[in-house]
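Here is a short briefing on one protein model. Look at the sequence and the structure first, then read on.

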Amino acid sequence: MQRRGRRLGWLSLGLGVAQLAAPHTVRRLSGVDDSAKSRVVVPAVGLRELVHAAGLLASRRKGVWAWTRVAGDAMDLTALGVALTHRGGDRRRRLAGVTGAIAGITALDLLTAVQATRAEHTSPARAARATRKGDSVELTAATTIRKPPPDVFAFWRDLENLPTFMAHLEQVRTTGDRTSHWTAAAPFGQDVEWDAEITEETPGERIAWRSTGKATVPNAGTVWFTPAPDGESTEVNVVLAYELPGGALGKAVAKFYGEEPHQQLDDDLRRLKQVLETGEVVRSDGAPWGKRARKEFPQRPAQPLSDAELEKGPDA
């Protein structure tokens, strides 16, 4: 959706520049009279297109600016309809062609406006305002990765990559085009497993999934991949929702042992950033075994391990 909004922005920029830089050529090609009124209207429409372009290219609220294009399209179609009733011959044919093109653009603008508005109403910012109900927990986290959105999307879409940065995932096994089987570590040395399905996918932009069947820990998630303002990086926003095993007591125990869910998700995205930017998760001397470090006491002082401890490993 962000990509389509940017394309409309570039279209507005091109139209605006053309109408301001060469208004006479635009009037001649479109079949508009070379009247005093048209000499004012064409540059004015060009200026309006430049405003649309600025909004669509610079703002994250693509839906709002797409709706302004729809409003402008409606004005243009009305004016062209009136002009058609007063034209004849070749000039009428050119106006009809322009009217058809504007009608096509209007349909695209309308589709973009509706979809962008719908996406913004379910965006991470709105999801972040969700509250905990009963034993259901919703988590949000975000990071910026210096890789383009298609690369980050492709890495995440290969679900078997998720355990490389999600600390509590032991394995994700693909079972179909949109289905998979997940295995995760649980408190007190237990494992939980469940099947999941992808419920929504917009290539390069968004993935949503949920557990299926009688999952021990019913869960769902959505991740958005948005181009960052620098034009090179990707803003990754994640929303996860799940039923906390053991209710409030389970959450209190998990937090006591250093496994607070919000911090987990933040750490997961930090590891994702490391994997994509450097090719690996950077380990510290205090936790050289990565995910296996969960077997260590979580409050261990952040200091280098001795040679004897390094030889023993986390299973000692």
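Helices (DSSP runs of H or I, at least four residues) and strands (DSSP runs of E, at least two) are numbered from the N terminus. The model is a predicted one: local features need pLDDT of at least 70, side-chain atom pairs count only at pLDDT 80 or more, and totals for chains, interfaces and linings use all residues. Residues are numbered from 1 along each chain as its sequence is written, and side-chain values use heavy atoms, with hydrogens and water left out.

**Confidence**

- The mean pLDDT (the predictor's confidence in each residue, from 0 to 100) of the protein is 75.
- A score of at least 70 is reached by 69% of the residues.
- Which element has the highest mean pLDDT, and which the lowest? Helix 7 (residues 149-157) has the highest, 96, and helix 6 (residues 124-127) has the lowest, 44.
- Residues 122-134 stay under 50 in pLDDT. The model gives this stretch 18 contacts (heavy atoms within 4.5 Å) beyond four places in sequence.
- Residues 284-303 are also below 50, and they have 33 contacts beyond near neighbours in sequence.
- Where pLDDT is low, the predicted coordinates should not be read in detail.

**Overall build**

- The protein contains ten helices and seven strands.
- Of its 316 residues, 39% are buried. Buried means under 20% relative accessible area, exposed means over 50%, and partly exposed lies in between (1.4 Å probe, protein chains only).
- Take the contacts between residues at least 6 apart in sequence: 54% of them join residues at least 24 apart.
- The accessible surface is about 17,500 Å² (Shrake-Rupley method, 1.4 Å probe; for residues, only the protein chains shown count as cover). Carbon and sulfur atoms account for 57% of this surface.

**Salt bridges**

- How many salt bridges does the structure hold? There are nine. Each is a side-chain nitrogen of Lys or Arg within 4 Å of a carboxyl oxygen of Asp or Glu.
- Arg146 pairs with Asp230, with 3.6 Å between the closest N and O atoms. The two residues are 84 apart in the chain. Arg146 lies in the loop between strand 1 (136-145) and helix 7. Asp230 lies in the loop between strand 6 (219-227) and strand 7 (234-243).
- Arg146 counts as exposed, because its relative accessibility is 52%. Asp230, at 40%, counts as partly exposed.
- Arg270 and Asp267 form a salt bridge with an N to O distance of 4.0 Å. These residues are about one helical turn apart, because three residues separate their positions in helix 9 (residues 261-278).
- Arg270 is partly exposed at 37% relative accessible area, and Asp267 is partly exposed at 22%.
- Arg271 and Asp268 are joined by a salt bridge, with the closest N and O atoms 2.5 Å apart. Both residues lie in helix 9, three residues apart, about one turn of the helix. Are Arg271 and Asp268 buried or exposed? Both are buried.
- Arg146, Asp230 and Glu232 belong to one network, joined by salt bridges that share partners.

**A nonpolar patch**

- Trp67, Leu110 and Val114 make a nonpolar surface patch of about 240 Å². Patch residues have over 30% relative accessible area and no salt bridge; like charges are joined within 9 Å, and nonpolar side chains (Val, Leu, Ile, Met, Phe, Trp, Tyr) within 5 Å.
- Val114 sits in helix 5 (residues 89-121). Val114 is partly exposed, at 33% relative accessibility.
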